[in-house]
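Take a walk through this protein with the model open beside you.

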Amino acid sequence: MDYEGIRGDLEPLHNSIRQMSALSRDEFERLSRPAQLAFLINAYNAHALDMVVACWPVQREFTIRRIRNRRNIMLIGQRWSLKSLSEHLMNYPYRTCRAFVLLNWGAKGCPELPPYALTSANLEPMLATRMRYFFSDPGQVRYDDKEHVLSISSMFHEYRKPIERNHTT
C-alpha cells in the first residue's frame, strides 16, 4: 500500500468518508443485507486507511492496535471503533466471519485491500476469491512437512470468537 502517496492527496479518501458518514440509519436499513455488508466493509477500510495515513509512518504495531480501539467513526447514527465495526460485521445480524479477508487496518499480516469498492453484486464473488487467496498465501497459512506443524495467520487469533461461533459461514 502506498500510504505516502495517499497522504499526498487525501481529498478522494475524505470525500468517500464524508459520503458514507452522511448515510442515515433509515437509509441504511432500507439497503439489502449484502448492500449493508458491502457498505460497512467499505467504510471500515476507508476509515482504517485514513487512520493509518494520519499517523504514517507507523513506528510500532502497538500504535495500529491502539488506533483500532478508538471510537471516532460516526456511521449510520452511531459511534464506532474499527474493532467494534469488525465485530459487528462478523456477528448478528450479518454473521459473516469471512469478512476478515476483506478488512485491512494496516497491520502486518492483514489481507490486502479489495481493488475496488464492494457492492451487493460483487460482494460474494470477492469474498470467495479472497478466501481462496488467503488460504493459498504461505504468509497466512502454511504446513511444515518435516515438523508436521501448521502455522496460521494471527488473523485467526484476532477473529477467533466469531469464526468459532459462525464456523459454517
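Find E124 and R98: their side chains meet in a salt bridge, 2.8 Å from N to O. A salt bridge here is a side-chain nitrogen of Lys or Arg within 4 Å of a carboxyl oxygen of Asp or Glu. E124 sits in helix α7 and R98 in the loop between α6 and α7, so the pair ties together parts that are 26 residues apart in sequence. Helices (H or I, at least four residues) and strands (E, at least two) are DSSP runs, numbered from the N terminus.

A word on the source. This is a predicted model, where local features need pLDDT of at least 70, side-chain atom pairs count only at pLDDT 80 or more, and totals for chains, interfaces and linings use all residues. Residues are numbered from 1 along each chain as its sequence is written, and side-chain values use heavy atoms, with hydrogens and water left out.

Are the two partners buried or exposed? R98 is buried, at 19% relative accessible area. E124 is partly exposed, at 44%. The cut-offs are these: buried means under 20% relative accessible area, exposed over 50%, and partly exposed in between (1.4 Å probe, protein chains only).

How many salt bridges are there by this rule? The count is three. One of them joins R18 to E11, with the closest N and O atoms 2.9 Å apart. R18 is partly exposed at 46%, and E11 is partly exposed at 43%. Another links the side chains of R25 and E29, at 3.2 Å from N to O. Both R25 and E29 lie in helix α3 (residues 25-30), four residues apart, or about one turn of the helix. R25 counts as partly exposed at 34%, and E29 does too, at 46%. Side chains of opposite charge can pair when their charged atoms come close.

Now go inside. The largest nonpolar core has 43 residues, and F39, L40, I41, L75, I76 and L102 touch the most other members. Such a core is a set of buried Ala, Val, Leu, Ile, Met, Phe, Trp, Tyr and Cys residues joined through side-chain atoms within 4.5 Å. Elements that each supply at least two residues of this core include α2 (11-21), β1 (73-75) and α6 (82-90). Helix α4 gives the most, with 13 residues.

Look at I41, which lies in helix α4. I41 is buried, at 0% relative accessibility. Which residues does I41 touch, leaving out those up to four places away in sequence? They are L89, A99, L102, L103, L118 and L123. Contact means heavy atoms within 4.5 Å. I41 and L89 are 48 residues apart in sequence, yet 7.8 Å apart in space, C-alpha to C-alpha. L40 also has contacts beyond four places in sequence, among them F28, L75 and Y94.

Strands β3 (residues 141-144) and β4 (residues 149-152) pair in the antiparallel sense over four bridges. Two strands pair if DSSP finds at least two bridges between them. R142 has S151 in β4 as its bridge partner. Four residues lie between the strands of this hairpin, where H148 takes a positive phi near 55 degrees.

L150 has its place in strand β4. L150 is exposed, with a relative accessible area of 54%.
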